[in-house]
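Please read the points with the model open beside them.

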Amino acid sequence: MIRGTTPTFKLTLSDSTIDLAQATNVYATFKQGNTAVTKTGEDLDIYGNYLEVYLSQEDTLKFKEGVVSIQVNWVYAN
């Protein structure tokens, strides 16, 4: 990711049996050191085990040059 841009990240979960479209909440968290940006709702497009995450210019400016980790979490309704 380049700071100050508005990238779209396309993520595919390795387990194809997971259907994120059936989840009640999906969260994508980008983390670098103590800085974290979590996206959910309108900032995600979900297609089965594949999702697209949209970051704003404001989001990318929070990070410094270097490695940023991404974690995806989801919740299914009971």
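**Notes on strands and core**

1. Tyr47 stands opposite Tyr50 in β5. Strands here are DSSP runs of E, at least two residues long, numbered from the N terminus, as helices are (H or I, at least four residues). β4 and β5 pair in the antiparallel sense through 4 bridges; two strands count as paired if DSSP finds at least two bridges between them.

2. A word on the basis: this is a predicted model, in which local features need pLDDT of at least 70 and side-chain atom pairs count only at pLDDT 80 or more, while totals for chains, interfaces and linings use all residues. Residues are numbered from 1 along each chain as its sequence is written, and side-chain values use heavy atoms, with hydrogens and water left out.

3. An open sheet is formed by 3 strands in the order β1-β5-β4, with antiparallel pairing. β1 and β4 (44-47) are the edge strands; each has a single partner strand, so one side of each is left without a neighbour in the sheet. On average, neighbouring strands of this sheet are turned by 15 degrees against each other, direction ignored (axes are lines fitted to C-alpha atoms, for helices over the stretch in contact, and angles run from 0 to 180 degrees between N-to-C directions).

4. β2 is joined by 5 bridges to strand β3 (residues 35-39), and the two run antiparallel. They form a hairpin with 2 residues between them, and Gly33 in the turn has a positive phi of about 60 degrees. The bridge partner of Gln32 is Thr35 in β3.

5. Which strand holds Thr29? Thr29 lies in β2 and is buried, with a relative accessible area of 17%. Buried means under 20% relative accessible area, exposed over 50%, and partly exposed in between, with a 1.4 Å probe and protein chains only. Beyond residues up to four places away in sequence, Thr29 touches Ala36, Val37, Thr38, Ser69, Ile70 and Gln71, contact meaning heavy atoms within 4.5 Å. The side chains of Thr29 and Thr38 are joined by a polar contact of 3.0 Å.

6. The largest nonpolar core has 16 residues, of which Val26, Phe30, Leu51 and Val53 touch the most other members. β1 (8-12), β2 (25-32) and β5 (50-54) each supply at least two of its residues, and β2 gives the most, with 3. Such a core is a set of buried Ala, Val, Leu, Ile, Met, Phe, Trp, Tyr and Cys residues joined through side-chain atoms within 4.5 Å.

Technical notes. Polar contact = N/O pair within 3.5 Å; in protein donor to acceptor, adjacent residues only side chain to side chain.
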